[in-house]
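Subject: Structure handover

Hello,

Here is the structure I promised to pass on. Please open it and keep it beside you while you read my notes.

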Amino acid sequence: MLAITIFEDTTQIVVGKKIKNKLEIKSLISYKSIYEAYINKDVNSLTMYFDEIVSLTKCKTDIYFILPDAVFNINYFYYPTNSEKQKDIDKFLQTNNIDTDKYYYSLPFNLKSAAFSWKTVYSIEKTYIDTLLQASKNVNLLIKSIEPLSFCAIRYKNTFEQEAYIFEIYKHSANIIMYSPIAGLFKMNLAKEYILDNLKNQNSQILLSDALLQANAVAKNKFKAITGNADIHILSTKENISKLTFASTDENARIYKMRPNSNLTIKKYNQTEIDTYYIGIGSLLQELEAARLKYVKINSANILPEIVKESTKLIELEQNIKKASKVALLLFTFIIGIQTVSLYYLSTITIPDSLKSNFDYANKQIISLKKENEIIQNVKKQTEPIQPILSDILANKPDNNTLGFTKLSINNSQDDKNNDWIKIDLVANEPMKIQEFSSNLNSDRFKNIMLTKIDNTVDGINSAEISILKVIKNTPKKNKNIKKEKDE
């Protein structure tokens with residue numbers, strides 16, 4: 001697992017591993033800033049940076065990106081139902097002017113209620129995400145999640161039951177994120193006078209206190225769920241974060257102090273180092289069981305398009321099957337070796353007379369076991385083994401990321417009438433890759449292959465549906481009249 005957090009002044013990299021329901025921190029790496037390449041949507045520069053990160057970490061799978069909140073829209077809206085059906089969510093987004101043709105979105109929270117809820121909506125221009133996806137594809141990175149910074153901060157600090165103000169003060173942007181456990185998140189952009197360079201030249205304490213007053217005033221009209229006395233989290237560049245304080249002693253007392261996270265296993269780093277990289281760690285923590293709260297249901301803030309999420313799951317399944325196949329092959333080879341040595345050894349042993357009397361009894365038991373085994377095998381024959389079918393499909397899939405599956409279903413009933421056998425939904429960067437895959441599948445096992453749908457759903461991504469029908473063997477019926485004719 002590899003988390004890449006893009007800050008304005010630096011890039012933080014966290015390498016972790018999930019062990020049971022704990023996250024073990026393997027590496028913490030400070031890397032050069034890639035913010036300019038990201039904000040300018042420079043695919044070539046990002047490709048170069050990602051290639052260097054792969055060389056540093058030796059990791060290409062389970063990649064988690066964390067992006068600054070400055071480029072996100074964050075709003076919360078009344079949701080007049082508690083339905084999770086896509087058609088109801090689409091209507092909700094349309095009602096609140098979230099253009100899903102231009103923006104990717106995620107719904108990280110919703111208020112629990114029998115009849116209605118409030119939903120937070122993170123949304124971001126598709127071009128920001130598509131740029132990351134393209135650069136990642138260029139170096140064969142397997143992206144599992146892209147999240148906004150604020151959500152990772154709250155997840156790491158595990159403060160879902162407490163209100164919070166998150167100040168993000170940087171060179172190019174300044175904003176305040178407000179969080180309420182009974183409503184979700186709300187973002188307020190601050191004027192340029194609050195960005196880092198301007199704060200250095202003025203009385204930063206007075207300006208930050210003024211920004212807090214503004215946030216409370218906005219909250220009274222637009223985010224009434226927050227009380228105004230919440231903890232304050234300050235995020236900024238490493239050299240300036242300790243300098244950002246408020247004019248009031250009471251306000252400074254509300255600045256959040258980092259606490260150890262009980263979900264972590266730390267062997268080689270001290271708590272100060274962990275605190276520095278907590279945003280990336282917060283993203284990796286999404287793989288652990290989510291906190292259960294009384295009023296708020298916590299979903300994922302992962303902004304990745306659904307088609308990419310499904311493709312990632314299928315690629316992971318493919319990789320796991322390949323790993324399992326290699327282990328099984330090694331184990332099989334090992335067992336065969338043991339059996340060969342054992343047979344040679346046993347062939348040199350003379351059986352004592354005292355044991356020969358047990359041979360007949362053992363032989364009878366073997367006959368009984370064989371009969372039981374026949375019963376077991378007859379049950380197994382009623383369903384078709386899936387692994388050989390899946391292995392044959394995956395063997396024809398390209399090893400690179402030019403083509404991936406989003407859905408694969410196999411009906412493994414042995415019924416000869418089963419004509420609806422295999423269905424595959426897939427995506428590719430070129431239509432020809434889909435045609436090649438369909439052609440390569442054609443074999444004795446897969447004969448009736450139909451490409452039922454192919455279109456361009458997302459810019460640069462072609463989707464298709466493949467249906468494979470089972471070959472039904474026509475068994476000739478016996479002619480009952482043959483015997484009669486011979487008798488005559």
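Leaving aside its neighbours within four places in sequence, which residues is Val 139 in contact with? They are Thr 47, Phe 50, Asp 51 and Lys 60. Contact here means heavy atoms within 4.5 Å.

First, some ground rules. This is a predicted model, so local features need pLDDT of at least 70 and side-chain atom pairs count only at pLDDT 80 or more, while totals for chains, interfaces and linings use all residues. Residues are numbered from 1 along each chain as its sequence is written, and side-chain values use heavy atoms, with hydrogens and water left out.

**The chain overall**

The chain has 16 helices and 19 strands. Both are DSSP runs, numbered from the N terminus: helices are H or I with at least four residues, strands are E with at least two. Of the 488 residues, 43% are buried. Buried means under 20% relative accessible area, exposed means over 50%, and partly exposed is in between (1.4 Å probe, protein chains only). Take the contacts between residues at least 6 apart in sequence: 68% of them join residues at least 24 apart. The accessible surface comes to about 27,500 Å². Carbon and sulfur atoms account for 52% of that surface. These areas come from the Shrake-Rupley method with a 1.4 Å probe; for residues, only the protein chains shown count as cover.

Two strands pair if DSSP finds at least two bridges between them.

Start at strand 9. It runs parallel to strand 4 (residues 63-67), and 5 bridges join the two. Phe 65 has Ile 146 in strand 9 as its bridge partner.

Move on to strand 2 and strand 3. They run antiparallel, joined by 9 bridges. Gly 16 has Ile 25 in strand 3 as its bridge partner. The two strands form a hairpin with 2 residues between them. Lys 20 in the turn has a positive phi of about 55 degrees. Strand 3 also pairs with strand 14, in the parallel sense over 2 bridges. There, Glu 24 has Thr 265 in strand 14 as its bridge partner.

**Back to Val 139**

Val 139 lies in the loop between helix 4 and strand 9. Is it buried or exposed? Val 139 is buried, with a relative accessible area of 9%. Val 139 and Glu 52 are 87 residues apart in sequence, but 9.9 Å apart in space, C-alpha to C-alpha.

**Strand 13 and its surroundings**

Strand 13 (231-235) is largely enclosed by the rest of the structure, because 4 of its 5 residues are buried. It pairs with strand 10 (residues 164-169) in the parallel sense over 5 bridges. Glu 168 stands opposite Leu 235 in strand 13.

Thr 237 sits in the loop between strand 13 and helix 8 (249-253). Thr 237 is buried, at 5% relative accessible area. Not counting residues up to four places away in sequence, Thr 237 touches Asp 9, Ile 169, Tyr 170 and Leu 196.

Asp 69 is buried, with a relative accessible area of 0%. Asp 69 and Glu 168 are 99 residues apart in sequence and 8.2 Å apart in space, C-alpha to C-alpha. Beyond four places in sequence, Asp 69 touches several residues, including Tyr 122, Glu 168 and Lys 187.

Best wishes
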